Amino acid sequence: MKSITLFALAAAAVLQTATAAKCGSQDCGKDSPCCVRGYCNANAMYCIPFNCEVQNSYSADSCWDTAHCVKSNVNFGSANAFAQIADYKGDPSKTAFVSQFEPSNAKVVGGELQMELVKQGDGKGFGATVTNTRAIQYGTVTAVMRSGSVSGGVVSSFIIRNDKLGDEIDFEFVGADKSTVESNYYWHDQLDYTKMVKSQVLSDTTKNDHTYQIQWTPDQIVWVVDGNAFRTVKRSETWDAGSGTFKYPDSEAYVSFSIWDGGSGAQGTADWAGGAIQWGQGPFVAGVKSVDIDCYYKGNETTYTPPGSSGGDDDDDKSSSDDDEDDESSTDKSSKDDDKSSKDDDKSSSDDDESSEDDDESSNDKTSKDSDKSSKHSSNDDESDSKDASSDQSSEDSSDEPESDDSVDEETGSSEDLDESSDTSSSTMLTASLSAVVAAMAAACAF
């Protein structure tokens, strides 16, 4: 009996090694557990939830936990409002927004978050993306900001997006038109640009701060500028009879701001953005002064413990009253009901109420679907191709695995600065496990 048990344990070790999730051409180890696009590491760029690939990482709990929405007012004059991702240690109560990429073209100047688009050696622009460290599923997000799209070709954005599923709600500014902002939404990366709607005429969006707001509920999305709602999309209007589903963004997502080069993309994107960038008109700097986040679900905060923290007192910090929340900064934890069951009930009843409208909805969805894209905002060429035609929108310049620190994501202005880890290769681990089998068999014979 002992021999059988020993042999079974050793064989299980071999099977586990042989079937381990692959991160590109390597396996992530305990010291570099988080996988992103074929590379392993242990820092924030790799382990932060919106980047980390759970299925390809060392274990199911390698990626940092998703921190959920708390009511907050982020004033970028606050020391804890922003950090470079290299300095982020995983605690959202200490940092509200992080620059998503390195090198970073984002910084705080005079109480304003500034994101700059700079010219590279190849003539293309390299921008910035700044993302909230907490995810939100429904709520009202208000930003006081100005566009950096001074020249045609420069695109500035205020977005709520789930990169992994492709749900998105956005405001986008293009240099071709400084007097309006564009609104759109997407479901599962089905990019239907025919649904774009412009705002009312505004004073120059590159010179003046305006207040932009997205009101997102299970039933509708409302886009508001300076207190004036100019667009409403109801969930019931998104029913697609062909697929039998509401094509309505409803997944937990992240608030982000970015500036990127649309003028160097494919013809469709370049035309939409206003043509090639006129670099002499720079600098191109988008600015955000403040962000207010009011969560739809007041009780969806978890008992999240930052990496390396023992937790404990954090739960007590979350017991403050709802009245105190109104005065909280982005670094404070709001009071919580801790009853997420109502969330599921609300969504279920919403689906039931709206299903009666199914027969009245049109199934003419002029989407341009890209089965290969992992994110609309993962490359400039992705959006370029979808604006040109309904053909494949995958990037021609980006690859699944970054080749060097100079590889740049055009649309978000991201640098794929991902260092290859030196984890033990899978073949070495397999050899070691086979040795364990042999040793177990020898022990069995001895018995």
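Buried means under 20% relative accessible area, exposed means over 50%, and partly exposed lies in between, with a 1.4 Å probe and protein chains only. Keep that scale at hand for the tour.

The model is predicted: local features need pLDDT of at least 70, side-chain atom pairs count only at pLDDT 80 or more, and totals for chains, interfaces and linings use all residues. Residues are numbered from 1 along each chain as its sequence is written, and side-chain values use heavy atoms, with hydrogens and water left out.

**Whole chain**

Start with the cartoon. The protein chain has eight helices and 23 strands. These are DSSP runs numbered from the N terminus: helices are H or I with at least four residues, strands are E with at least two. Colour by burial next. Of the 447 residues in the protein chain, 52% are buried. Now show the surface. The accessible surface comes to about 19,400 Å², and carbon and sulfur atoms hold 46% of that. Such areas come from the Shrake-Rupley method with a 1.4 Å probe; for residues, only the protein chains shown count as cover.

A contact means heavy atoms within 4.5 Å. Take the contacts between residues at least 6 apart in sequence: 66% of them join residues at least 24 apart.

**First stop: the cores**

Select Phe97, Phe158 and Phe257. They have the most contacts inside the largest nonpolar core, which has 50 residues. Strand β21 (residues 284-295) gives the largest share of this core, six residues. A nonpolar core is a set of buried Ala, Val, Leu, Ile, Met, Phe, Trp, Tyr and Cys residues joined through side-chain atoms within 4.5 Å. In soluble globular proteins, nonpolar side chains tend to be buried together.

Centre on Phe97. Leaving out residues up to four places away in sequence, its contacts include Val74, Phe76, Val130, Val255, Phe257 and Val291. A second, separate core has 17 residues, among them Tyr46, Cys52, Trp64 and Tyr254.

**Second stop: the rings**

Show Phe, Tyr and Trp side chains. The structure holds 18 aromatic pairs. Rings (for Trp, the six-membered one) pair if their centres lie within 6.5 Å; planes under 30 degrees apart count as stacked, over 60 as edge-to-face and the rest as tilted.

Pick Phe50 and Tyr254. This pair is edge-to-face, at 5.1 Å centre to centre with 75 degrees between the planes. Phe50 lies in the loop between α2 (44-47) and β3 (72-75) and Tyr254 in strand β20 (residues 253-261), so the pair ties together parts that are 204 residues apart in sequence. Both Phe50 and Tyr254 are buried.

Phe97 is in strand β5 (residues 97-99) and Phe257 in strand β20, 160 residues apart. Phe97 is buried at 0% relative accessible area. Phe257 is buried too, also at 0%. Now widen the selection: Phe76, Phe97, Phe158, Phe171, Phe173, Tyr212, Phe230 and Phe257 form one aromatic cluster.

Switch to Lys, Arg, Asp and Glu. There are nine salt bridges, each with a side-chain nitrogen of Lys or Arg within 4 Å of a carboxyl oxygen of Asp or Glu.

Select Arg161 and Asp163. Their closest N and O atoms are 2.6 Å apart in a salt bridge. Is Arg161 buried or exposed? Arg161 counts as buried, at 5% relative accessibility. Asp163 is partly exposed, at 25%.

Move to Asp209 and Lys289, a salt bridge at 2.9 Å, N to O. Asp209 lies in the loop between β14 (197-198) and β15 (210-216) and Lys289 in strand β21, so the pair ties together parts that are 80 residues apart in sequence. Asp209 is partly exposed at 32% relative accessibility. Lys289 is partly exposed at 38%.

Next, Lys247 and Asp240. Their salt bridge has its closest N and O atoms 3.7 Å apart, and both residues are buried.

**Last stop: charges over rings**

A charge sits over a ring if NZ of Lys or CZ of Arg is within 6 Å of the ring centre and within 35 degrees of the ring normal. Select Lys195 and Tyr185: the charged end of Lys195 is 3.8 Å from the centre of the Tyr185 ring. Finish at Trp223, where Arg231 lies over the face at 4.8 Å from the ring centre.
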